[in-house]
Amino acid sequence: MISRRQFIGAVAVASGFTAAGVKAQTRAITYVGWSQEEAASRPTLAALFNGYRQSAGVSLDTVGYPWAQMQQNVLLRLRSGQPMDVVQLNERWVPQFAATNRLVDIDTIFGAAQLRSRISKGVLELGNYHGKQMGLPWSAGSIGMVANAKVLQNAGIATPPASVDEFVSALKAIKKANPGAVPYAMATKNNNALSPDFQVWLWTFGGHLFDSSGKVAVNSPAGVKALSFMAGLVKDGLAAKDIDRPDARRMFAQYQTGFYNDAPLARGFARSNSSIGDKFDALVIAMPTPVLHAGDMPRSLAWGHLLSIFSDGKQKIDANSPQAKLLAYLALNDESQLRIYKDIGLFPVTNSALDKLASDPYVSIWSKAARSATRDETSFWPNSASLTTVIGEEVQAAVLAQKSPQEAIESMSKRLQDQTAGISRF
């Protein structure tokens, strides 16, 4: 384990504060990610990569893929032996890539105690797999809930609801104030949105898709209650059919919904979908998911971007390696973290950077709630995409009244059992 002095030194070097006499690194490294390919983040990341090259004296090659193709291309690069040193990962991909035995335990580079002094344990869990830190959080949050302050005010709702009963009452008040509104823009299409929303409500009602041993557990009273709750909202006109995340974002910005689930970029989407830009910020309220009983932990689905180091075992990876310096420059340097937040809207991960944003309730409330977020239960299975499809199809069948909630849960359970039979979790 490296000392605190060595840890701080590595961060300082990566931040551009190189001491006299430090030798410039000459080995070229390759970074692979998706964010530098997106229009909103391209200029900021290009500037950060250039800053790293200048401060660390490293030749850095960047390779980008669209997010939807990222996972597949990382696997292809692994199989073909193409260069890949530092890789941007989604938190749900960690189990899959950790199973390749190519990820470096970042605790062995910076030291577990040192990392935990900079980043909260709950945030670090995003990159933890079987007790090893396989990814360093770069931006952290959750799929949580936001409320529209203007819609709530127009319905006479003083504060965001804390319990499920209060939530339903709030939805009814919004519908009464604006009969044409969709009070809760819950996902009712697109399996990749349906599955997270269902899992959050499933956990809220006390259920799980799988038990601790990996056995399918969704066919339970809690599972039926959660799906009955979601189907009932659509039946009562408090949610609507045919809603996806982009639809919810537009409705939110047009004051046609009071609540919906999204990642921390929700405020950025509201800005771009409204006619008033950042003036809309004051109307976007981050809120914990309502709980079933007082004292329950609000549930949310873990969401975050990670930076991982891939190694073939032949290189020496320590705090002074160019790979570690890149991680420190991007994820442990407050200046970089705050620039990404300012330009793109992604939340920082270091405690010190979050402290500088403490006056913004949107950031502080969401970040606090994200510390108890739960990783997508399908992410521990090699066929997670197929499991997500099963969940989405059965949830949609229930909310569209094609099946009763009990029938949909029973079908979901059987199909998940078939999909996981003979397969080991990561």
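Predicted model: local features only at pLDDT ≥ 70, side-chain atom pairs only at ≥ 80, totals over all residues.
**Entry 1**

I started with the second largest cavity, whose lining has five nonpolar, three polar and no charged residues. For these classes I counted Ala, Val, Leu, Ile, Met, Phe, Trp, Tyr, Cys and Pro as nonpolar, Asp, Glu, Lys and Arg as charged, and the others, Gly among them, as polar. The lining is made by Ser35, Ser41, Leu45, Trp138, Ser139, Ile340, Ile344 and Leu346. β6 and α15 (334-344) are the elements that give two or more residues to it. I noted a volume of about 40 Å³ for the second largest cavity.

Residues are numbered from 1 along each chain as its sequence is written, and side-chain values use heavy atoms, with hydrogens and water left out.

I also wrote down the terms. On a 1 Å grid over the protein atoms alone, a cavity is a set of points where a 1.4 Å probe fits but cannot get out, a pocket is an open set with protein on both sides within 12 Å along at least five of seven lines, and lining residues have an atom within 4 Å of a point. Grid points are joined across faces, edges and corners, and a volume is the space filled by probe spheres set on the points. Helices (H or I, at least four residues) and strands (E, at least two) are DSSP runs, numbered from the N terminus.

**Entry 1: the other cavity**

I got two cavities of 30 Å³ or more. The largest cavity has a volume of about 90 Å³. I found 13 residues lining it, with Gly144, Met287, Pro288, Thr289 and Ala369 nearest its centre. β6 (136-148) and α17 (361-370) each supply at least two of the lining residues. By class, I have seven nonpolar, five polar and one charged for this lining.

Next I looked up the largest pocket, which holds about 1,400 Å³ of space. It has 48 lining residues, and Trp67, Asn90, Ile143, Asn192 and Trp303 are the closest to its centre. Elements giving two or more residues include α3 (67-80), α10 and β9 (301-309). I noted 22 nonpolar, 18 polar and eight charged residues in that lining.

The second largest pocket holds about 270 Å³. Of its 21 lining residues, Gly122, Val123, Glu125, Leu126 and Arg375 sit closest to the centre. β6 turns up again here, among the elements that give two or more residues to this lining.

**Entry 2: helix α11 and its partners**

I checked α10 (residues 191-204) against α11 (residues 221-235): their axes come within 9 Å and cross at roughly 125°. That makes α10 oblique to α11. Axes are lines fitted to C-alpha atoms, for helices over the stretch in contact, with angles from 0 to 180 degrees between N-to-C directions. Under 35 degrees counts as roughly parallel, over 145 as roughly antiparallel, 65 to 115 as roughly perpendicular and the rest as oblique.

α11 also packs with α19 (residues 405-420) at about 125°, the axes 9 Å apart. In this contact (heavy atoms within 4.5 Å), Gly223, Val224, Leu227, Ser228 and Ala231 of α11 meet Pro405, Gln406, Ala408 and Ile409 of α19. I counted six nonpolar, three polar and no charged residues there.
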